[in-house]
Amino acid sequence: MELEMYRRYSQMARGIEKAELVFKNGRVFSSGTGEFIDRDVAVADGIVIGVGTYKGEREIDLEGKVICPGFIDSHLHLESTLVTPGELVRQAAQCGTTTFIVDPHESANVSGTDGIDYILDQTDNVPTNVYVMMPSCVPATHVDDNGCILTAGKMKGYLEHPRILGLGEVMDAPSVINGSVSMHEKLQLFQDRVKDGHAPFLAPGDLSAYVLGGIDTDHECVDYEYAMSEARNGMYVLIREGSAARNLDAIVSGIVEHHTDTTSFCFCTDDKHIEEIRREGHINYNVKRAVQLGLPVEKALQMATIQPARCYGLCHLGMIAPGRQADFVILDNVIDLNVVDVYHCGKRIIKEEKTELKICPPYLKNTVHVSGFSEERLKLKHPGTKARVIQMQEKQIVTKAVLEEVPWVEENGGKYFAPDREYQKIAVIERHKNTGKMGVGIVKGYGICGGAIASSVSHDSHNIIVVGDNDHDMALAVKEMIRTQGGYTLVCNGEIYGTLPLPVMGLISDAGYERVNEALARMIPKAHEMGVKEGFDPFITLSFMALPVIPEIRVTPRGIYLVNEDSIIRTPFG
C-alpha cells in the first residue's frame, strides 16, 4: 500500500475522518475468533478500514442483521452447472458466494488450453473473485479417451497468471504413489502452491504416500471415518454437497457426534446444476444444513469463510478485518441464516441482474466427432454366464461391482442381454477423434423404463454416455447428441421427449440459464416418471458412470473398467 493511501486510510480507521461507507448496527461475525460482536464496519475503496464505532459519508443501517465475510466455494467445476461461467458466478453470488476456486479440467479434457483460456476469459471482470486451479490430470488416467493431453510443459505458461492458485485435483492417485515421472513433474512445478487431491478410499499406506507427494486437500470423502483419516494426515477436507454427490450429512453428523475440531474442514459444491442452485442455494445451503445437523453456527460459518481462505492462501479474504477485501454476506439472523444482501469489494450485488453473455470462439462449438456408431453395435451377447454389473447407489457417485445373473432373450439364433426394470444397458461412445471406440455394459439401480437418456457430459473425458432399456431408443439418443453437438437428451417410447443442447465443448449452454432451467424442469421429472430413482439426478449421476477414478466399476469407450484392479474387460461377461 502506498504511503499516501495508507495515511488516508489511517485517518479513517482512527475516526479522524469519515469513512466512505459504514455498515452500522450490525452483528459482525468475527471469523478469526468465532464470535458475533456488535460493531460498525468501515469501508473505503473496496477494503475494510476498521471494525468499531464509525461515521461514514454514506451509511447503511443493518438494523441488527448479521454481517459475515463472503462465502467461499473451495472446489467446483463451472462447466458442471451447464451455463456460461459468468452466469453461474452471478447466480451463486446472490446466495452469498463471493469467491470460487475453480478447476477447469472438464474444458481442458475436451479442448486443452483453449478450454482453460475460455474459463479464464469468461470469468474476467465478473463481480466476484474467481481463482483457477491448473488441471492436473488431462486425461484423468491411462485408460481415458479424451480430447487433449496437458503436460507440465504446457502448464508453465500459466504460472504467472494472477488468478492461477495451484494444481487442480490430482485424480490419478496411483501415479503419485508409484512415482510417475510425468505426474511428479507437475507436482514439482507447483511445489510452493496448494495442490488439490482426489483420493476416495485409499488404503492407509497409500494415503500417507499420496500426502507425502504434496497433496493438500480432498473433496471425495463420503463418510466421517475416511474424512478423519485425511484430516489426521494433514489434509483439508472439502465437504461436498452437489447435485449427485451429497456427502455433507454423513460427515457433519460425525463431526457433531464426536465433537470434532473443524479447523481442517471447508465446504464445496464440486458439481451442481444451475436450477438446483436457484432452488436450494449454494454454499449458504451447506451452512444451513450443517447447522440443522447440530453444528454450531460459528463453526459452520468458519468452514465457509476463513478456513478455505487459509487453505488457499487468500490472505485478503475470509475475514472482516482491516485491510481485507470488503466482501460481505448480510444474513437476517443466526437462526434462519437467510441471505438478505451480498457485497463484493464494498459494492452491492444486484439481484437478478441480467448477465451479458460473452461470445464463445467458434472452434469450441464443434467438438462432437463420432464415426462408426450404429444401433447394431449396442447389442450385447449373453454367453450364459453371470455378468459384472454396475450397481449404482442413491445420492452417491461411487458404485459397486456385483456379479449376477441377468435376463436374456434369444434372437436370430443367439442369446442377448435383455434389459428390464432392474437391469439396463449403458454405453460410452468416443466423441473426440472419430476412433469408433465404444464400450457397452450393464447397470443396476438406475431404473429407467421405456426409453433412454444420453449426455455428452461424462466425466472426465466427456464422451457420449447413454443408458436405456432398449437399443432403438439408445441409438436415437446418441444420434441426437451428434446432431446438437452435445447436450442432454431424453427419449421416451421411440420419440425424443426433450433435448438440452450444450454446444460449447458439449458441456455448456450459451442460450441463457432461463432456457437451461426450462429444459431441465421438463426433462428431470419425466425421467423420474420413467423410473429413474428419486435419489439420482438423472443426468449428473449418469455423467459419473464413465469416470475411472471412482470405485468400483465404470464403463469407458474401451469396455468395462474395474477400478480397484485397474483392468479393462471388453464386455461385462468377460
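Which residue does D249 meet in a salt bridge, and at what N to O distance? The partner of D249 is R289, at 2.8 Å, N to O. A salt bridge here is a side-chain nitrogen of Lys or Arg within 4 Å of a carboxyl oxygen of Asp or Glu.

The model is predicted, so local features need pLDDT of at least 70 and side-chain atom pairs count only at pLDDT 80 or more, while totals for chains, interfaces and linings use all residues. Residues are numbered from 1 along each chain as its sequence is written, and side-chain values use heavy atoms, with hydrogens and water left out.

I return to D249 and R289. This salt bridge joins distant parts of the chain, with D249 in helix 10 (residues 248-258) and R289 in helix 12 (residues 283-292), 40 residues apart. Helices (H or I, at least four residues) and strands (E, at least two) are DSSP runs, numbered from the N terminus. D249 is partly exposed at 31% relative accessibility, and R289 is partly exposed at 22%. On this scale, buried means under 20% relative accessible area, exposed over 50%, and partly exposed in between, with a 1.4 Å probe and protein chains only.

Next, the helices that carry this pair. Two packed helices are described by the angle between their axes and the distance between the axes. For helix 10 and helix 12, the axes come within 10 Å and cross at roughly 45°. Axes are lines fitted to C-alpha atoms, for helices over the stretch in contact, and angles run from 0 to 180 degrees between N-to-C directions. Helix 10 is therefore oblique to helix 12; angles under 35 degrees count as roughly parallel, over 145 as roughly antiparallel, 65 to 115 as roughly perpendicular and the rest as oblique. The crossing is right-handed, a term used if the near helix is turned clockwise from the far one by less than a right angle.

Which residues of helix 10 and helix 12 meet? L248, D249 and V252 of helix 10 meet N286, R289 and A290 of helix 12, contact being heavy atoms within 4.5 Å. These residues divide into three nonpolar, one polar and two charged. Ala, Val, Leu, Ile, Met, Phe, Trp, Tyr, Cys and Pro count as nonpolar, Asp, Glu, Lys and Arg as charged, and the others, Gly among them, as polar.

Helix 12 also packs against helix 13 (residues 297-304), at an angle of about 155° with the axes 9 Å apart. Helix 12 is thus roughly antiparallel to helix 13, and this crossing is right-handed. From helix 12 the contact takes I283, V287, A290 and V291, and from helix 13 V297, A300, L301 and A304. The composition here is eight nonpolar, no polar and no charged.

Finally, salt bridges elsewhere. The whole structure holds 24 of them. One joins E552 and K400, whose closest N and O atoms are 3.9 Å apart. E552 lies in the loop between helix 17 (540-543) and strand 27 (553-556), and K400 in strand 18 (residues 399-404), 152 residues apart. E552 is partly exposed at 23% relative accessibility, and K400 is partly exposed at 40%.
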